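Subject: Structure for your review

Dear colleague,

Please find below the structure I am handing over to you. My findings follow directly after it.

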Amino acid sequence: MQYNFKSIEKKWQAYWSENSTNKVVENYKQDKFYILDMFPYPSGAGLHVGHPLGYIASDIYARFKKTKGFNVLHPMGYDSFGLPTEQYAIQTGIHPKIATDENTKRYRSQLDKLGFAYDWSREIRTSDPNYYKWTQWIFKLLFNSAYCTIQGKAVEISDVIDYFDSNGNIGASYFCDDNIEEFTASQWKLFSEEDKQRILLCYRLAFLSDTMVNWCPKLGTVLANDEVKEGRSERGGFLVEQKKMKQWSLRITAYADRLHEGLNDLDWSDSLKEMQRNWIGKSKGVTMKFNTESDDLIEVFTTRSDTLFGVSFLVLAPEHELVDRLTSDQQRNDVDTYLNSSRLKSERERQSEKKMSGVFTGGYAYHPFTGDKLEIWIADYVLASYGTGAVMAVPCGDQRDWLFANHYNIDISNIFKDVDISNSAYEGKEARIINSDFLNNLSCEDAINLSIERIVKEGIGEKRINYRLRDAVFSRQRYWGEPFPVYYLNDIPYLLDDKTFVTLPDIDKYLPTESGEPPLARAQKDDWNVFKGDRMDTNIMPGWAGSSWYFLRFMDPLNDTEFVSREKLEYWGQVDLYIGGAEHAVGHLLYSRFWTKFLYDKGLIFFEEPFKKLINQGMILGRSNFVYRIKDSNTFVTKSKKDEYETISLHVDIDFVDNDYLDLDKFKNWRNEYSDAEFILDSDGRYQCGFEIEKMSKSKYNTQTPDDLIEKYGADTLRLYEMFLGPLEQFKPWDVKGISGVHNFLKKLWRHIHDKDNNICVSVDTASELSYKSIHKTIKKVEEDIERHSFNTVVSTLMICLNELIEQECKNQSIISDFLILLFPYAPHITEEIWRELGNKESITLASFPKFNSKYLAEDQISCPVSFNGKMRFKILLPFNMDKNKIEDLVMSHEKTKKYLGSSKPQRIIIVPNKIVNIVF
């Protein structure tokens, strides 16, 4: 009666592959359901047990939807461009494609062992030229488009050119850079071709511009904010500085309002939508211009114009274009020193910095209403990329300004009636305004309205809606990524024609050139598959380029003539359910929404949002272990004695630890530096490690691969167990202590319906009413719980049902079949095996979900537990509200009562109708 999961899982994985069981074809008469995972980057480390969590949940839901009659699209592919592979290539000289192919094979092997029902005929890889040529095609569309603010959509750049031919740019309603000078139609016609192209770059949705970026000299590339930690690259820990560079960018800011408003109609969690709203940062306010001693104008944006008489000084971002002009000779050295230090901080660090830092320029501005002189400071808490790169500092009404003013002993004016600002700023809106000329005695809201009216009337500024969102830097100075379909003539970028695409050329090294150019600059003219103009663009696109539209390509991955056919696009439509980690809540999701809206504007798709419903799975956390090294030594002290020394905590591989005790020999053999390590041990001669629950990561040595657990318990057990750990959205610590209980559940199922020779043993006899009740209440709950994505509760429901069927000695084939279909999405291998043993010719994948019948749940009977001396021994089916005397008669005459009593006489019989019977003897 052995449950041989190894042979069963191997058998059915081979069968599904050989028979293309999970292949999906378009059936235009059948309702569709499109479910998608955020596809993985295939790292060299492979999958650890935390990675499959979302994949298991999506596979369960996909299989469930199939049993409900839907045509389900559930594809998988790889986000296969990436910096780690390129770093590996730099270290080893191995081409990134070779390493990527090897890593992808390992991922595929691990995914197959888990029994996922992916349609692998639709597999895509972002590093495949047959895929990224369409990413280049979308880039060409972006380059050849502008955004019309009247139509509220993307239009052809030729529309802009036509407008310029007739009107110049005066009154133009096209989204563009802020610093565009006006020109007439006649002036436009006199411009050189190069000048026209430079002007058009200020309107294109894909454009070149000078941009402040996170530059890592050691890696030789620009890094995204989330790739920088505490001023260093996340990969390698190298110093990162702020630097102005000519970069490709996408004008996502043109879509800011649509991205903000579109969130209202999405079935996403409120917290996730709020994260996107905060990133977009929509705010309504007014711009104001402050004149300076040098007659330069400093423009600021504020949402609190009611506080304009509380302005004590102005603050510029270190990158502000007027910094150099406004800095006095006396302050020049101090300013230069401060600017150099600020370049080492990323924008994210500057925003989160608690310590106040800044420098006085030596220059002054004039208050537009009072004429008072205001000091002009520089501080890195002001960002050049947000608003105007300058703020009017109101210490009485803004806590950061208050801290700054107190730190540098700047006078603070109070404009709030009966409010004490001696200990902190007042950031509320309930007080009345004082010391503010025409705003005196007004409420804050009334003062905001009146001040805006006067600011506009006096020509000092204008109303504006501002966004924190900034244009997306779209180029990287690396090798392993999508190349640009761009060449240059006289330093002006031009696109290759619509039918020509660039493939990555082979190069001899993957490092920047000696002159600091990107690695692709190493390619000679003959190395390129196409070469035009003076030179090809040697940047690459960022990793999120290919992942911004991959959900569309899965619909039609082998189409070589268009990015997706209209017919298939109209059938599959939006992704109905998208599952992935919260770490992509802003970047990937925002960019994907942007690209989708753009493609909608171009008439290429018929929906504006890519993902109808989104679930962020929680993280499975690892249990890390630590050793404690005494500072400036190679001696390690056990946990109980570490406080006696000055120690450094170091992660240690959990494979060297058993129940928090370190295997000293394994540790010493781990690295050369530890070979002569010495240890201060506990009194029992053992070394106890510390532990902490934290993110599962290769760098923390706390990962566990699914391979070992599959080898020991089987894929079905692992799938069930990961769901059993808790709600999908929650963070959960990994602990294998409970996995044997889940494995025993499957063994119990096997034993229940197999004889001692492992032959299937079921009955066609009519099942009891109690058994029908057990299965139908389970059908109801399983369906309800899966539909609301409560995957963990389904596991316990199935366990309860099996226990009841075993207790009822139910082996009815119909009920067992229904139970198998309910279990099938979670444990496809064992259910497929038993399904075939029951005589079914087709795969359980084609089975229909059992129909719930409410009549079996009618409460005319109750399953009443019967206990002996307080220990429950069996259950008996009794009519609801049965008389106590009749209950006693039925229980005492039952065969099992006689068995458990034996020769003993009952001393007392406790009966609680509809609840319990307890026989005391």
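The loop between β23 (620-630) and β24 (635-637) contains Asp632. In this predicted model, the phi angle of Asp632 is near 60°, a positive value in a residue other than glycine. Most residues other than glycine have a negative phi. With a relative accessible area of 77%, Asp632 is exposed.

Strand β23 itself includes Ile630. Ile630 and Phe679 are 49 residues apart in sequence, and their C-alpha atoms are 9.9 Å apart in space.

Turning to the strands, β21 (residues 575-581) and β22 run parallel and are joined by 6 bridges. Within this pairing, Tyr578 has Leu614 in β22 as its bridge partner. Strand β22 (residues 611-617) has 5 of its 7 residues buried, so it is largely enclosed by the rest of the structure.

There is also an open sheet of 4 strands, in the order β6-β5-β9-β17, with antiparallel pairing. Its edge strands are β6 (221-223) and β17 (472-473), each of which pairs on one side only. Strand β5 (residues 206-216) pairs with β6 in the antiparallel sense over 3 bridges. Across that pairing, Trp215 stands opposite Val222 in β6.

Which residues of helix α12 are buried? In this helix, which spans residues 332-342, they are Val335, Tyr338, Leu339 and Ser342. These residues lie on the same side of α12 because they cover an arc of only 100° around the axis. In general, an α-helix has 3.6 residues a turn, so residues three or four places apart point the same way. The face of α12 turned away from the buried side carries Asn333 and Thr337, both of which are exposed.

On the surface, Tyr88, Ile94 and Ile98 form a nonpolar patch. Together these residues have about 250 Å² of accessible area. Ile94 is in the loop between α3 (83-92) and α4 (96-113). At 32% relative accessibility, Ile94 counts as partly exposed.

Finally, I turn to the cysteines. How many disulfides does the structure hold? The number is 0. For Cys396, the closest cysteine sulfur is that of Cys444, and the separation of 10.0 Å is too far for a bond, because a disulfide requires the two sulfur atoms to be within 2.5 Å. Cys396 is buried, at 0% relative accessibility. Cys689 is likewise buried, with a relative accessible area of 0%.

Yours sincerely,

A colleague

Definitions and conventions. Residues are numbered from 1 along each chain as its sequence is written. This is a predicted model: local features need pLDDT of at least 70, side-chain atom pairs count only at pLDDT 80 or more; totals for chains, interfaces and linings use all residues. Side-chain values use heavy atoms; hydrogens and water are left out. Patches are made of residues with over 30% relative accessible area and no salt bridge: like charges are joined within 9 Å, nonpolar side chains (Val, Leu, Ile, Met, Phe, Trp, Tyr) within 5 Å. Accessible areas come from the Shrake-Rupley method with a 1.4 Å probe; for residues, only the protein chains shown count as cover. A salt bridge is a side-chain nitrogen of Lys or Arg within 4 Å of a carboxyl oxygen of Asp or Glu. Helices (H or I, at least four residues) and strands (E, at least two) are DSSP runs, numbered from the N terminus. Buried means under 20% relative accessible area, exposed over 50%, partly exposed in between (1.4 Å probe, protein chains only). The arc is that of the directions from the helix axis to the C-beta atoms. Two strands pair if DSSP finds at least two bridges between them.
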